[in-house]
Amino acid sequence: MRKLGLSIIALLSGIASADEKLDSITVYGSQGDAQQSQDAESLRKGATNSTLGGYLDSLPNVDSASYGEAVGRPVIRGMSGYRVKILHNDNHLSDLSAMSQDHAVAVAPRASERIQLLKGPASLLYAAQAGGVIKISDALDAPFPEPGLKGELSGDIRSDAESYSLDSHISLANEHWALQLGGLTQESDPYESGDGETIADSDVNTDQGQFSLGWRPNSRNELQINGTSLEKDYGIPNATPEATRINMQRDDVGFKYRYLPNPLWLDEITLDLLSSDYLHDETEGGRKDGLFGQEQQRGTLNLAWATAEWWGESRISYVNSELKVCHEHGACDDFEDASRSGGPLGESVEQYLMIRGLPYSHGHPMPDTQSKIWQASTVAQRMFSDSYELISGIHWQSRQLQPDPDNIQEQWVYPTSLDPDYYDERNDHTLSLSLGINKQAMDATPNWEISLSYLERLPSVDELYWNGFHHATDSYIFGNSELDKERSLNLDIDLTFEQNSHRMQASAFYYRFSDYIYQDRGYDESGAALIDPFHLSQVWFTRQTDADFVGGSLRYENRQALLRAEPDLTFWGQIDLLRATDSDGEDLPRTAPASAEIGVQFEQQAWLAKLSFKRVAKARNLAPQEEETAGYNWLSLYLQHDWQIADQELKLWLKGENLLDEFAQNHLSVLKDTAPLPGRQITAGIDWRF
Amino acid sequence: MKHTSKLFFASVLCTQAFLFNGCGGSSSNNSSDDETNLGLPAEMQLIMLNALTGAYYSFDSTTETRTDINEMAAASQDSAVQNLQITDVSTIGHFFHWPDFRLSGTEELLDLKYLLMVPEYTPGDPIDADQFVQLTHLHDEELAAHSAEEFRDPEAGSAIAAGLERLNTFVTKQAELEEEIAEVIPADQQLCRAYIDPYLEFELEQEAGAEEGTGGEEHAHGALVHFALTQSGRVYFYEEHEGALEELQGFVTLDDVVTISDCNRTTIGRVSEDGVLIFIPDTQLLYLVDAHGGDFHQHSTWSTSSLMPEGVNADMMAIIGSGGEHDHDHE
C-alpha cells in the first residue's frame, strides 16, 4: 500500500529529515498503511491532558469537546459526535461517547502507538463521516512484535493536582508464537483552575489491561486472539449539589486472521471478529440514576488488492448491536423490562402533550434498540502521471433498527395516538462517494491534494428515540423519530510549499450540509426558555437544518541549523479558523474560536526542548442565546533527555502546561463555567524500553 | 462477562504491577459497585408488618438499618417497647396514621404516631380502646407503644382523654378531607387515599391565627397540596382556591399498579413539603412522589424486598419521622 499523505507531526516538530522516525499522528490523503508502526512518544508531548481530544487538539482545526478533565472527544473541522468515527485497532470503537458530551471515549490514548486522522476517500473504507476517521492503534494491532522478550515501562507524576500514571507492555515472541501483555493505570485528583479554585468532582481513574496471543503457522497465515478491558471512573464537575460520577467499562475480545494469498492481484485477506461489551453507570450521591449499555458483535472481512493500474482495499462488515438505557433515580442497577398492567400505553405522555403541549416523559428515555448493520466499502487509487494520483472511495451501509419499548414504564411509552409507527422496525441505507486528486512530488513543490465527498449519515438511535432527562448534562432532550438522513458535500484542499528552510502548509475546507442534525435549545412563543416540568432543566430539541462549515489553517515553519550542519532549530506559527452557520445564517453553538500558535523547538542529539504559545481568541461567532467565552493564552514547555545503554533506552522528560496559570474556558465545553481548563500543571516522566 | 472480565483485568494489571513492584502491588479500584445506598429520604422510620405471620420490622432510612421489632420488644425490659410486640395476628387490621399536633403553651409539639387498628374497625368511625391494638410513636429516636388498654375508660380531663379527643378530631377531619376530595376526582376514579401535609396544614392554621391577632410567626412555604390516590394507582393533586379544590397539574400514574385491592393498608406518608412516600401492598413498592419546583412526578421506587428480610412481604407500612426538615427559611 502507498502512503500518500503528509505527516502533520513532522510539521509540528519541524523534523523533516528522511532518516528520522515517522511521527505518531498522520493525516492521510488516502489509505493508511496498517503495516507501519510509528513512534508514540510525540502523542504525549503535545497532549494537554490524557483524553483523546487532549492528545489531538494541537493539530490544525482539531479541538477537544471537554467535559472536565476525564472527557475530551475530538472535534475535527467543526465536526463532533457521530460525525467523527473512532477506530481502535481497525475496529469501530464500541462506546457511547458520540451520544452525549459527558460520555468519555472508551480508549486510553496513553497506551496507543499511533493515531491517524483519515479524511476524504481514504476514510470511506471505514466509515462515511464528515469529520473523518480517527484510527487508534496500540501494540495489539500488530500480532507479531520483534522476536525475543521486549518491554516498555513508563510512568509520570504530576503535582498540583496530584496525578500519576503507569504504563507497561511486554512481549515474548518467536517465529511462530507471540504473547503480549499490557497494563495501564492513571489516577488524578481534582484539578485547580487558573484562578486557584479546586474543581470539585474532576478526578479521574483509568485502568486498562490487554492481552494478545498470536500464532503464525507459516509465512502466509497469522492468527491472533486479543482482549482489552478498560475501566474509567470519573467525576462530572457539574453544578448538581450531590456528586455526579460515571463508571465506565469496555471489554473487548477479538479474533483476527490474516492471510497472504498467492494471486498477484490479492495482497492480503484479513478477517476480524470482535465481541464488545460496553457499560457505564451514572450516579448522583452514590445512587445509580443512569445505566447505558451496548453489546456488539462485529465481523469484518478486508481485502487488500492491486491490479496493473489500480490498487486499494475493499471491506465488508456486519455488526449486531444492542443498546440499552436505564434512567431512573436510584433504580438503575440493571436493565429490566417494565411490567404491564394491561392499561393504556403512554397515558402520561399524552397527558403532558395535552397540558403542556410537549410529550414530556419521566420514564426510561429510550427503547432498547437492536441495530443490524451491513457495510461494504472500497477505496481505490491509481497514478495517472509520475506525480498525480487519483483516489476514490465508496461506502454503502444498510441498517435495520428494531426498537423495543418493553423497558419503558407503560405510562411513558410513546403512545400510538401520537405516532403509530414510532416503534416500528426501520430499514435505511446510505451511499457515500468521495473522489480525490493529489500531487505528491518529492522534488518539486507545491504539492497539493483536493477531495470532494458526498456523504450520507443515518440519524443515531438516540437522535431518533431519546425522550427524557439526562442527569449528567442536566438537560431534557427530545429526539426526533422523523429525522431524515444527514447529507453533506465536503470539499477539502491541502497545499504544501517547501523551499530551502521554509515550509508552509495551508488547508481549507467547505462542508455544505443538508438536513444537518443538531440540538436546538427550546423557547416558548414569548421567547422564554423552556424548562422541563420535572427537573426544571433546559429543554433541547433534535432538529435538522441546512448548515455550512468553512474554515482552514495556515502553518509556516522555518528550520535553522544552530549547532549542527543539519537543521536543529525550528520556528513555527499556525492559525486556525472556523465558521459554522445554519441556513438562516445564524452561527451554530459551540463553534471553536479562532486560535494562533507560535513555537520553537530545539533538538540536538539526546536533548529535545519545545516551547509553544497559543492564543485562543474570544468566541465571537455565537448561536442565538449562546454566551460568550473569553479568549486566553496557553504557554507550554516540553524538555526531554535520552540515554541509550546497549539495547535499552531511557528517557526523562518534563512537561509544563498553562505555565502562565491563566484562567481559561473551553468554548466547546458544555461545562465551561463549572469546569474551566486546568491551571498550571507540571508533569515529570520516565520511559524505559528494553 | 462482568466477573470474567474483572478476573482478566486483574490478572493483566497484576502483570503490570509485577513489572513495577512484584505481584500484589496493583492499585485498587474504587468502583461504586458494592455500594448499597438506597437513596431513601432521610430521617424516616418505615414500619412494615406482615399480617399473616406477624413479622414486624422497622427500617431506618438514614442509617439504612432494619430492626426486628418483635425481637426488640421481647428483649426489652421497657414496657413501652414490650408493647410493640405482635402477640396475636388475628387482631391485625391496618395502620392508621395520626399526626398529633398540639400546643403546650406557645411551643408547637409534633408527634407522628400510628395505630394498629383491629380488623373490625371502619375508617371514619370514632376510636376508643376497642378499635386498636397499639398506638406507636417515636420516643426520641426509638419506637415505643401504648397498649390499647391504657386508653380504656380514661379519666375525664386526663392526658389520655385529651389525647383520645385529639385523635378523634383528626379522624373526623380526615373523613371530611376524603369526602371533599372524593367529590372532585374524575368520575371514573375511586378514591383510595387522601392526604395533606399535616406540618404545613398546622403552620397555615397558626398563621391564620396570627392574622387574627392570636400570635404566631409567618413563614414562607408552598401551597397546601391535597393528594388523592385512586384505586387505579393514579395520584391527583389539588389546591384550595376560594373554598374550592382546583386541580394543580396532571395526574401521576404509579408504576405497576393494576388496581389497589386494600386501600386501608395503603399508606401515604410525609417526606417533606415537596413530596410523599406511597406504599402499595399489591406491588410491594414504595413510591416517592415529589416535586422540586416543577410538577409532581414519581421520582423513585423501592421494592420492599430491599427493606424486608428475604421472602417476607409487607402487608402494610407505617411511615413516621420528621422527613425533610420543615424549613422556615427556605425561599
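Predicted model: local features only at pLDDT ≥ 70, side-chain atom pairs only at ≥ 80, totals over all residues.
**Figure 1. Two asparagines of chain A with positive phi.** Asn500(A) lies in the loop that connects β23 (486–499) to β24 of chain A. Because it has 7 C-beta neighbours inside 10 Å, Asn500(A) counts as exposed. Its phi is near 50 degrees, a positive value in a residue other than glycine. Asn61(A) belongs to the loop between α3 (52–56) and β2 (62–66) of chain A. Here phi is near 60 degrees, again positive in a residue that is not glycine. Asn61(A) is buried, since 20 other C-beta atoms lie within 10 Å. Most residues other than glycine have a negative phi.

**Figure 2. Strand β12 of chain A and its two partners.** Strand β12 (residues 221–236) of chain A has twelve of its 16 residues buried, and it is therefore largely enclosed by the rest of the structure. Strand β11 (residues 204–218) of chain A runs antiparallel to β12(A), and 13 bridges join the two. A hairpin of two residues leads from β11(A) to β12(A). Within this pairing, Gln208(A) stands opposite Leu230(A) of β12(A). Strand β13 (residues 244–259) of chain A also pairs with β12(A) in the antiparallel sense, over 16 bridges. Ser229(A) has Asp251(A) in β13(A) as its bridge partner. Strands of a sheet pair through backbone hydrogen bonds, either parallel or antiparallel.

**Figure 3. Surroundings of Leu271 in chain A.** Leu271(A) is part of strand β14 (residues 266–284) of chain A. Because it has 14 C-beta neighbours inside 10 Å, Leu271(A) counts as partly exposed. Neighbours within four places in sequence aside, Leu271(A) is in contact with Tyr257(A) and Leu301(A). From Leu271(A) to Phe255(A), the separation is 16 residues in sequence and 8.1 Å in space, C-alpha to C-alpha.

Figure 4. The largest nonpolar core holds 90 residues, of which Ala104(A), Ala106(A), Val107(A) and Ile134(A) touch the most other members. Strand β24 (residues 502–521) of chain A supplies the largest share of this core, six residues. Another core, of 75 residues, lies apart from it and includes Ile185(B), Ala228(B), Phe296(B) and Ala314(B). Beyond its neighbours within four places in sequence, Ala106(A) is in contact with several residues, among them Leu93(A), Leu230(A), Met248(A) and Tyr278(A). Its contacts also include Asp95(A), Ser97(A) and Arg250(A).

**Figure 5. An open sheet of four strands in chain B.** The strands of this open sheet follow the order β4-β5-β6-β7 (chain B), and their pairing is antiparallel. At the edges are β4 (95–104) and β7 (142–147) of chain B, each of which pairs on one side only. From one strand to the next, the twist averages 30 degrees. Strand β5 (residues 107–117) of chain B and strand β6 (residues 132–139) of chain B run antiparallel and are joined by four bridges. Leu115(B) has Leu135(B) in β6(B) as its bridge partner.

**Figure 6. Overall make-up of chain B.** Chain B contains five helices and 17 strands. Of its 331 residues, 38% are buried. Among the contacts in chain B with a separation of 6 or more, 50% are between residues 24 or more positions apart.

Definitions and conventions. Residues numbered from 1 in each chain as written. Chains lettered and ligands numbered in written order. Pairing = 2+ DSSP bridges. Axes fitted to C-alpha atoms, helices over the stretch in contact; angles between N-to-C directions. Contact = placed C-beta atoms within 7 Å. Core = buried A, V, L, I, M, F, W, Y, C linked by C-beta atoms within 7 Å.
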